[in-house]
Amino acid sequence: MAIHHIPVMVNEVIQHLNVRPGKIYVDCTLGGAGHSRAIIDRMKPGGFLVGIDQDKDAVNNAKKVLSAYGSEITLFHDNFVNIKSVLTQLNIHKVDGILADLGISLHQLAQSGRGFTFQKDEPLDMRMDSNSVLTAGDIVNTADEKELAGIFFRYGEERWSRRIASNIVKARKVKAIKSSFELVRIVSDSIPKKFISKPQRIHPATRVFMALRIAVNHELERLESFLDATADILNPGGRLCILSFHSLEDRIVKHWIKALARGCTCPPIFPQCICRSEKKLRFLTKKPVRPTEQEVELNPMARSTRLRAAERI
Ligand SMILES: C[S@@+](CC[C@H](N)C(=O)[O-])C[C@H]1O[C@@H](n2cnc3c(N)ncnc32)[C@H](O)[C@@H]1O
């Protein structure tokens with residue numbers, strides 16, 4: 001099945017990655033391979049692209065849509081936290097650009113059948129990597145009430161997290177919660193009617209579904225491990241470009257770049273540096289770059305995108 005996903009902020013990504021002929025790039029989130037294609041077109045002649053995605057559908061799709069590029073690309077079904085070992089398999093130790101376009105693809109949302117959306121009645125799965133163990137159904141049916149409320153509050157900033165968690169625990173005592181629509185019903189019934197805005201700006205289950213997806217795929221922990229792996233594999237002048245869709249992701253990226261751009265971590269009262277941490281990065285985006293109004297109009301999925309980029313010193 002062909003994957004339909006409109007790549008976001010393509011020109012801004014290409015510009016911040018400084019894509020040039022003959023260089024090596026890693027697209028850590030192939031998705032529908034739109035960014036990969038744009039990178040490949042500009043790295044010719046002589047460039048090389050490594051593509052990674054934890055979703056087998058995305059890798060199979062990329063194999064088809066990028067088949068014309070043959071020896072210029074290699075694709076991996078893996079988690080981007082393993083970027084170093086992926087590159088080691090190719091005997092590559094340094095690269096010139098790394099891209100991660102976080103979050104979910106339109107394919108996963110609309111076509112995967114894995115319960116990512118509250119708009120279709122599907123099994124509560126939400127695994128981007130179908131080989132991983134934990135599903136959204138496992139969390140909903142086994143996590144204790146406090147843990148559930150914590151997930152909804154922390155990852156979804158859901159105001160009614162405790163009520164929703166309590167109602168989930170009550171419902172699953174009667175019968176296991178198996179499908180997305182069963183969960184939607186519980187969430188909708190948990191929110192007092194006067195707080196369900198009319199006309200609804202967002203569906204009442206939006207935050208709970210997003211929170212569960214983040215928990216199932218360990219998205220924030222994996223983003224941190226991934227970032228820690230990247231600085232040492234960039235050539236001097238090499239670029240890192242991250243597109244995030246959630247304020248928690250963006251905060252992690254911002255603080256991580258800031259720390260590596262600062263270098264020394266000694267308290268200011270120390271007369272001299274004893275930590276010997278070197279500055280590794282230079283910020284290319286003081287503030288996150290946002291999509292243009294025209295892009296958001298054409299592709300509403302781009303609405304909350306924030307691009308941050310840094311250059312290896
Ligand atoms: C927003 S889509 C990427 C879209 C892509 N840039 C394009 O042009 O079509 C995000 C993709 O990242 C993948 N992904 C998310 N987290 C990942 C991780 N930790 N490791 C590998 N792939 C990941 C998802 O499976 C999904 O296919």
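I took helices (H or I, at least four residues) and strands (E, at least two) as DSSP runs, numbered from the N terminus. The model is predicted: local features need pLDDT of at least 70, side-chain atom pairs count only at pLDDT 80 or more, and totals for chains, interfaces and linings use all residues. Residues are numbered from 1 along each chain as its sequence is written.

**Overall fold**

I counted 13 helices and seven strands in the chain. I then looked up the radius of gyration, taken over C-alpha atoms, against the globule rule, 2.2 Å times the number of residues to the power 0.38. The chain gives 21 Å, close to the 20 Å from the rule for 313 residues, so it is as compact as a globular protein of that length. Along the principal axes, the C-alpha atoms fill a box of roughly 60 × 60 × 40 Å.

For burial I counted other C-beta atoms, placed from the backbone, within 10 Å of a residue's own: 20 or more is buried, 12 or fewer is exposed, and in between is partly exposed. By that count, 42% of the 313 residues are buried. I called two residues in contact if their C-beta atoms, placed from the backbone, lie within 7 Å. Among contacts with a separation of 6 or more, 68% join residues 24 or more positions apart.

**The sheet**

I let two strands pair if DSSP finds at least two bridges between them. The seven strands form an open sheet in the order 3-2-1-4-5-7-6, with mixed pairing. Strand 3 (73–77) and strand 6 (281–283) are the edge strands, each pairing on one side only. The twist averages 15° from one strand to the next. For angles, axes are lines fitted to C-alpha atoms, for helices over the stretch in contact, and values run from 0 to 180 degrees between N-to-C directions.

I followed strand 5 (residues 234–244) on both sides. Strand 5 pairs with strand 4 in the parallel sense over six bridges. There, valine 95 stands opposite leucine 234 of strand 5. Strand 5 pairs with strand 7 (residues 306–312) in the antiparallel sense, over six bridges. On that side serine 244 faces arginine 306, and isoleucine 242 faces arginine 308. Strand 5 is mostly covered, with eight of its 11 residues buried.

**Helices on the sheet**

Helix 1 (residues 10–17) lies across strand 1 (24–27), strand 4 (95–101), strand 5 and strand 7. Helix 1 runs at about 160° to strand 5. In helix 2, I found Gly34, His35, Ser36, Ile39, Ile40 and Met43 buried. These buried residues pack against helix 1, strand 1, strand 2, helix 3 (56–65), strand 3 and strand 4.

I called a residue near if its C-beta atom, placed from the backbone, lies within 6 Å of the molecule. Of the 21 residues around the ligand, Pro7, Thr29, Gly31, Gly32 and Gly34 come nearest. Helix 2 (34–43) and strand 2 (48–53) are the elements giving two or more residues to this shell.

**Serine 130**

Serine 130 sits in the loop between helix 5 (106–110) and helix 6 (136–142). Serine 130 counts as partly exposed because 13 C-beta neighbours lie inside 10 Å. Its C-alpha atom is separated by 7.2 Å from that of aspartate 55, 75 residues apart along the chain.
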